[in-house]
Amino acid sequence: MKLYDMRFANFDGQEKEVIDRKAIDAFKYYYRDAQKTQMLLDVFKRAYELKGVDAFYPLGRYYMQLAVLAFARDNVQISKEEILSIYDQCTKHIDHEIAQAKASNKSPKRYEQIKAFIDEKLADMKLIDCDFIVNKLVPEFKANPNDAELANKIFVFAYDGGCTDTEWFVQAAESYFANSPQYGVGYLLGVKFGAEKEYEKSKEYFKKAAELTEDNTDKGKALKQVAATERINGNYVEARKYALEAAEVDPTLKPEMMELIGDMVMASTQCDKKVSQVEDRARYIAAYDYYAAAGNATKMAQAKAQFPTISDIFTENKKEGDSMTVGCWIQKTVKLQRRPDQ
């Protein structure tokens, strides 16, 4: 540290040249010493005053870590506003580095890692509450809804702070997902739009979420939601398709998915042609088969109670055991059975 100070005193322009490196070295040497905290804050502040976004790229990482330490120490008076000012400075710096790397067709990975570290440190301090987001960040986002970085910030802070039941959160989450597609965010948006009965958007986000994970449990969970959404929309063919896919990728979902298909078959009165009791009631045999695959004895009994009567079977010149194809969207071949009370 003395060598840095001597260099600055004896050579013009050297303070601006290497003040950022002095700040980083000082942090590494003094960060455990609470009595040096204010001195370190002054050095980092001076570094950004002289170099701004042209400072050595890790500077913001150490400055943010120092801010966390300072906030926890009794011998330093640092306000919430000062912490947020430091955060803004560090974020501005690392965003500049990321933009420079992308403009030069270089990987921004190491800069993005620092950015994530800075955001995480601020989130861990629990300084950001819903009022701060609403009063400071949301107006900025509404003024510039294409600001992906701001949207990312709002999403992270609002999610960590539990401020998710708002229109602006969903808008920020959509922007976040567009720039950084992730399973969890896609699934969250699917849930949000589903709750608002915007089923088409809900379905698309669940589909995207399923595509973004290799984990069979997560993939099955998302596909199950697609199936449920298609059922709500009355698209039974698509609902069955995704239910079967969900059961295939995650076999633990098979009972639930077979029951869902059975329920759709049971409810499909629109498939009845009202010409043949046997043909119409064969639908319940199809439902029974799905409930049997689900292992649901209660619903199996409910379906069986709707089987055709033996007199209807006889009247239509058919016999038990005959193969019948249930038409409509169901398209399933079943073995003709009579109602159990006959």
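Author: Cys130 and Cys163 form a disulfide, with 1.8 Å between their sulfur atoms; a disulfide here is a pair of cysteine sulfur atoms within 2.5 Å. The torsion about the S-S bond of Cys130 and Cys163 is about -95°, so this disulfide is left-handed. The pair joins distant parts of the chain, 33 residues apart: Cys130 belongs to helix α7 (residues 130–143), and Cys163 to the loop between α8 and α9. Helices (H or I, at least four residues) and strands (E, at least two) are DSSP runs, numbered from the N terminus.

The model is a predicted one, in which local features need pLDDT of at least 70 and side-chain atom pairs count only at pLDDT 80 or more, while totals for chains, interfaces and linings use all residues. Residues are numbered from 1 along each chain as its sequence is written, and side-chain values use heavy atoms, with hydrogens and water left out.

The two partners may next be described by their accessibility. Buried means under 20% relative accessible area, exposed over 50%, and partly exposed in between (1.4 Å probe, protein chains only). Cys130 has a relative accessible area of 30% and is partly exposed, whereas Cys163 is buried at 5% relative accessibility.

Thr164 is buried, with a relative accessible area of 17%. Not counting residues up to four places away in sequence, Thr164 touches Ala158, Tyr159, Phe169 and Lys192, where contact means heavy atoms within 4.5 Å.

Helix α8 (residues 148–161) and helix α9 (residues 167–179) have axes 8 Å apart and pack at an angle of about 120°. Axes are lines fitted to C-alpha atoms, for helices over the stretch in contact, and angles run from 0 to 180 degrees between N-to-C directions. The angle makes α8 oblique to α9; angles under 35 degrees count as roughly parallel, over 145 as roughly antiparallel, 65 to 115 as roughly perpendicular and the rest as oblique. The crossing in which α8 passes α9 is left-handed, a term for the near helix being turned anticlockwise from the far one by less than a right angle, with right-handed used if clockwise.

On the α8 side, the contact is made by Ala148, Ala151, Asn152, Ile154, Phe155, Val156, Ala158 and Tyr159. On the α9 side, Trp168, Phe169, Ala172, Ala173, Ser175, Tyr176 and Asn179 take part. The residues of this contact of α8 with α9 comprise 12 nonpolar, 3 polar and no charged. In this classification Ala, Val, Leu, Ile, Met, Phe, Trp, Tyr, Cys and Pro count as nonpolar, Asp, Glu, Lys and Arg as charged, and the others, Gly among them, as polar.

A search of the whole structure finds 2 disulfides. In the other pair, Cys271 and Cys328 form a disulfide with their sulfur atoms 2.1 Å apart. The torsion about the S-S bond of Cys271 and Cys328 is about -65°, so this disulfide is left-handed. This pair also links distant parts of the chain, 57 residues apart: Cys271 is in the loop between α14 (254–267) and α15 (277–294), and Cys328 is in the loop between β1 (323–326) and β2 (332–335). Cys271 counts as buried at 14% relative accessibility, while Cys328 is partly exposed, with a relative accessible area of 42%. With bonded cysteines counted along the chain, the disulfides follow the pattern 1-2, 3-4. A further cysteine, Cys90, is buried, with a relative accessible area of 1%.

Gln277 is partly exposed at 41% relative accessibility. Not counting residues up to four places away in sequence, Gln277 touches Asp312 and Glu316. Gln277 and Pro308 are 6.7 Å apart in space, C-alpha to C-alpha, and 31 residues apart in sequence.

The crossing of α11 past α12 is left-handed. The residues in contact include Phe206 and Ala210 of α11 and Leu223 and Val226 of α12. By class, the contact of α11 with α12 has 8 nonpolar, 3 polar and 5 charged residues.
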